[in-house]
Amino acid sequence: MKIPPAYIQPLMHSIEESVIIVYKETPSLADTDVEWAYGKLISYYKAKAGGKQVEEPLARSDKKQDILDEILNRIDVREELKADEMLINNPDYTYGGKVFSSLAFLYMIALKRLEDSARFWRKKDGRTGYLDYTSRFLGS
């Protein structure tokens with residue numbers, strides 16, 4: 001896996017910390033649950049980046065809803081702290097040559113990278129490959 005640019009790593013780290021919180025509380029959590037949540041959030045933020053009014057995603061299972069809630073709460077805190085605003089419409093920070101036009105677009109890109117990572121580690125190391133790797137990486 002290619003290492004993401006340094007400027008997006010704090011956001012990705014925050015999201016992954018949220019996932020590991022849920023994993024510690026719900027040991028039955030699997031990488032596919034995380035991939036599902038990332039996918040739902042990618043769709044949500046893609047719609048928001050496109051200017052649509054959309055409801056936050058919901059899940060039928062508690063563990064998937066817990067992942068969604070933890071990530072959304074963490075992103076809310078980052079927004080309150082204005083942690084990522086310096087990346088928006090800043091030509092010094094681009095993705096594929098494009099500036100980040102909104103926080104929603106930034107979140108969508110970060111979540112897509114994380115979804116790809118989750119898929120990679122699941123295929124490489126099995127059912128909880130991503131969760132176990134991320135736990136070790138974050139020192140949890």
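Which helices are included in what covers the buried residues of α3? The cover includes α1, α2 and α4. This briefing concerns a predicted model, in which local features need pLDDT of at least 70 and side-chain atom pairs count only at pLDDT 80 or more, while totals for chains, interfaces and linings use all residues. Residues are numbered from 1 along each chain as its sequence is written, and side-chain values use heavy atoms, with hydrogens and water left out.

**Helix α3**

- Helices (H or I, at least four residues) and strands (E, at least two) are DSSP runs, numbered from the N terminus.
- The end C-alpha atoms of α3 are 26 Å apart, which agrees with the 27 Å that its 19 residues should span at 1.5 Å a residue; the expected span is 1.5 Å times one less than the number of residues.
- The buried residues of α3 are Gln65, Ile67, Leu68, Ile71, Leu72, Ile75 and Arg78; buried means under 20% relative accessible area, exposed over 50%, and partly exposed in between (1.4 Å probe, protein chains only).
- An α-helix has 3.6 residues a turn, so residues three or four places apart point the same way.
- Asp62 and Glu80 are exposed and sit on the face of α3 turned away from its buried side.
- After α3 comes Lys82, with a positive phi near 55 degrees.

**Helix α1**

- Helix α1 (residues 9–25) has 17 residues and reaches 24 Å from its first C-alpha to its last, close to the 24 Å expected at 1.5 Å a residue.
- Among the buried residues of α1 are Leu11, Met12, Ile15, Val19 and Tyr23.
- The buried residues of α1 pack against α2 (31–49), α3 (62–80), α4 (103–125) and α5 (129–137).

**Aromatic rings**

- The structure holds 9 aromatic pairs; rings of Phe, Tyr and Trp (its six-membered ring) pair if their centres lie within 6.5 Å, and planes under 30 degrees apart count as stacked, over 60 as edge-to-face and the rest as tilted.
- Tyr7 and Tyr93 form an edge-to-face pair, because their ring centres are 5.1 Å apart and their planes stand at 65 degrees.
- This pair links distant parts of the chain, 86 residues apart: Tyr7 is in the segment before α1, and Tyr93 is in the loop between α3 and β1 (94–95).
- Tyr7 is partly exposed, with a relative accessible area of 21%, whereas Phe100 is buried at 0%.
- Tyr7, Tyr93, Phe100 and Phe105 form one aromatic cluster.

Key: Contact means heavy atoms within 4.5 Å.
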